[in-house]
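Please look over the sequence and the coordinates before reading on. What can be said about how the parts of this assembly are arranged?

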2 protein chains.
Amino acid sequence: MTSIKSVAKRAGVSIATVSRVLNDTKYVSPSIREKVLNAVEELNYIPSITARNLRRQQTQSIGVLVPHLNDLYFSGLAFAIEKELTSSGYSPLFASTESDVLKESLCVDNLMQHGVEGVIFVPSLPVSDSVENVQRLLAAEIAVVLVDRAIPTLRVNQVISNNFQGGYDAAQYLIGLGHKHIGLLDGGTDALLPKSGPGRDRIAGVQQAMAEAGMEFNPKNFVFTDDQNQSGAGYKGMFTLLHQSPEITAVFALTDACAVGVLRAAYEMGLSVPRDISVMGFDDIPLASHAIPRLTTLAQPPQPIAQAAINLLIKHLNEPNSEFQTINVGTRLVVRESTAPPPG
Amino acid sequence: MTSIKSVAKRAGVSIATVSRVLNDTKYVSPSIREKVLNAVEELNYIPSITARNLRRQQTQSIGVLVPHLNDLYFSGLAFAIEKELTSSGYSPLFASTESDVLKESLCVDNLMQHGVEGVIFVPSLPVSDSVENVQRLLAAEIAVVLVDRAIPTLRVNQVISNNFQGGYDAAQYLIGLGHKHIGLLDGGTDALLPKSGPGRDRIAGVQQAMAEAGMEFNPKNFVFTDDQNQSGAGYKGMFTLLHQSPEITAVFALTDACAVGVLRAAYEMGLSVPRDISVMGFDDIPLASHAIPRLTTLAQPPQPIAQAAINLLIKHLNEPNSEFQTINVGTRLVVRESTAPPPG
DNA sequence: ATGTATCAGGAAAACGTTTACCTGAGAATG
DNA sequence: CATTCTCAGGTAAACGTTTTCCTGATACAT
């Protein structure tokens, strides 16, 4: 590694001057400045961020903890966060927690060792498992922004989609189409997902809408399936659901990925969507608009979420004593082809 | 930040001893060891990786450059790479190049500043654009492994799917089913993709298989579409293709994402897949097995690719003078529902 | 001409580790 | 008992920066 010393020697100046030229931190006469710049060029000198960080006692880096980097939804979110962070001059440090508290704890350790100044944190499910990890970060005075999954008990910045409202809107829309029997489907690796987190809120929204419409919520109509991936869960769950509640005319899958499995199952059962049965998703991942049929869903666009999270983070870094906020990001009903009035 | 000094003071020993206990680098008597460990515990001491890296002159971190973190295929690859790297004791530093040379160059600068010891590099397209960036890394004695997209002119480690063979297998399979008129579809943001990289090799494989079967390759049957995303490209391209070559009975989309758009277009045109027309993809992303109909494709599983890349990287780090290798990872034909003999 | 203010640039400390080297006490050997 | 060996633990240098403080020269005012 060529260090600042070699540059200084080559340019015939002190290392302090080199640093000043490179950081524009003090006036340096044009002639000397040029000599330094030339030396830098000639030696392909690249300053060591490690040394700079040590000296400045800051890293300009932010940890990003997501459950799975290859999840259809979270990869989009991660991408948006990366864009937002780099454009704000921070370096993202990604890690997948695999929604496992132990792995998550390891990730947190790792981030702390790396001296991140903040963490964008999508908690594992159930969220209660993540409480301790979040508190470890807070105890170390690291700024934390919780994303996607709320932990209401924690005094910390959060950016959460309005899942309740989304669920409500979805149900209201289906009810408005005339559906009387609506199935709810969810699943994935997070065995306890329906007990907490976004799924629970979406369901609560559905229940509210049904109640307002004078409909009864039949627990039999909600099926959660444990599976390697959400599509598989939706696929299997759909069979279970229709077996135990054949009267169902509309299915609200709690994620788009899940809905894709539902479409698949419907196709295999010879059911035409939306003629025989309506299907809705949640998230509006890119795939949703390419599914067959195109999926009606509730959009939860990653870009505004990422932006809000980074804004909150940066604000907190600048004013560590500012109040904690919970920002609710609105969802938006996107009507496509997979929903229609019930048959008959 | 609580530093090693506070721990030393608290334990009543020198900082050297603390370091030794923490790194198990020299025998320390049990009683003192315990005192140190207690002090560490009490102060929640976490060593600064920054300082350690500076002193040790190494970072144990590896840059990972992919075109898009939210691409269906690359996110899977990134996930596999992350897993492989962390389990080998390295920290991944992800960045999306957006397949743009300028952005890519910035990413490379950034990685070099961070002192990465190696880079897993998926070049932008056309790959020739990335040559300079790769050479910059090599000049700085940073280990590089090219993944997914070969740059044959460079003397560097590479891990590439056997795209030619994959293309060949795909075409041979379709020809074996009896198809006489096979369309080729590709697209995305990388306007020059068909001119270089994996796509070109896949096409070459197709041409070889066709030639062996005594079929002529009609350039009209290859449509490349510029679009924001691959699915959209497949969707639009399909219309173009069938318009200019209505005799086509099978379509080989050069990626699964593209194939999804093709399925979509076929659906809208009232064509039943595979009865009226067969569709194949490439990659075997998770979605492929959930599409309607399930997609026949060539699997290019990310895990073995990631593993091979990391092995190559680590080997090169340990023996910097070892020969460069290009590892060809085999693809595997996965027959599902989207292909059948031609109608009639 | 003398004193003072300005300011470009250098010297050196500091950031938090690891590690080469040193020291002194006890064990072992004659 | 004297001498050497062993080795646990301490001291301090080093990693590559940034930044505080200092110096000496020049400009300016008196």
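The questions and answers below concern a predicted model.

Q: By what turn can chain A be laid on chain B?
A: In this predicted model, chain A superposes on chain B with an RMSD of 0.1 Å and a shift of 0.0 Å along the axis. The two copies are thus related as by a two-fold rotation axis.

Q: Which element gives the most to the surface near DNA strand D?
A: Around DNA strand D there are 29 residues, of which A:Ile4, A:Ala16, A:Ser19, A:Ala51 and B:Ala16 come nearest. Two or more residues of this surface are given by each of α2 (15-23) and α4 (49-56) of chain A, together with α2 (15-23) and α4 (49-56) of chain B. The surface near DNA strand D divides into 15 nonpolar, nine polar and five charged residues. With six residues, the element that gives the most is α2(A).

Q: Which element supplies the largest share of the surface near DNA strand C?
A: DNA strand C is surrounded by 29 residues, the closest being B:Ile4, B:Ala16, B:Ser19, B:Ala51 and B:Arg55. The elements that give two or more residues to the surface near DNA strand C are α2 and α4 of chain A together with α2 and α4 of chain B. By class, the surface near DNA strand C has 15 nonpolar, nine polar and five charged residues. Its largest share, six residues, comes from α2(B).

Q: Which residues touch the most other members of the largest nonpolar core?
A: The largest nonpolar core has 192 residues. For A:Ala309, once neighbours within four places in sequence are left aside, the contacts are A:Ile81, A:Ile120, A:Val145, A:Val147 and A:Val159. The members of the core that touch the most others are A:Ala309 and B:Ala309.

Q: Which residue of chain B stands opposite B:Leu93 in β2(B)?
A: Six of the six residues of strand β2 (residues 91-96) of chain B are buried, so this strand is largely enclosed by the rest of the structure. B:Ser91, B:Leu93 and B:Ala95 point one way from β2(B), while B:Pro92, B:Phe94 and B:Ser96 point the other way. Strand β1 (residues 61-66) of chain B pairs with β2(B) in the parallel sense over six bridges. Opposite B:Leu93 stands B:Gly63.

Q: Is A:Gln57 buried or exposed?
A: Although A:Gln57 is not a glycine, its phi is positive, at about 60°. A:Gln57 is placed in the loop between α4 and β1 (61-66) of chain A. With 10 other C-beta atoms within 10 Å, against a limit of 12 or fewer, A:Gln57 is exposed.

Q: Where does B:Pro293 lie?
A: The peptide bond from B:Ile292 to B:Pro293 is cis, with omega near -10°. A cis bond also runs from B:Val273 to B:Pro274, with omega near 5°, and B:Pro274 is in the loop between α11 (256-268) and β9 (278-283) of chain B. B:Pro293, for its part, lies in the loop between β9 and β10 (296-299) of chain B.

Q: What distance separates the C-alpha atoms of B:Asp201 and B:Val66?
A: B:Asp201 lies in helix α9 (residues 198-212) of chain B and counts as buried, with 21 C-beta neighbours inside 10 Å. Leaving aside neighbours within four places in sequence, B:Asp201 is in contact with B:Asn163, B:Phe164 and B:Gly167. B:Asp201 and B:Val66 are 135 residues apart along the chain, and their C-alpha atoms are separated by 20 Å.

How values were computed:
Residues numbered from 1 in each chain as written. Chains lettered and ligands numbered in written order. Predicted model: local features only at pLDDT ≥ 70, side-chain atom pairs only at ≥ 80, totals over all residues. Least-squares fit on C-alpha atoms with pLDDT ≥ 70 in both. Near = placed C-beta within 6 Å. Helix = DSSP H or I, 4+ residues; strand = E, 2+ residues; numbered from the N terminus. Nonpolar A, V, L, I, M, F, W, Y, C, P; charged D, E, K, R; others polar. Core = buried A, V, L, I, M, F, W, Y, C linked by C-beta atoms within 7 Å. Buried ≥ 20, exposed ≤ 12 C-beta atoms within 10 Å, placed from the backbone. Contact = placed C-beta atoms within 7 Å. Pairing = 2+ DSSP bridges.
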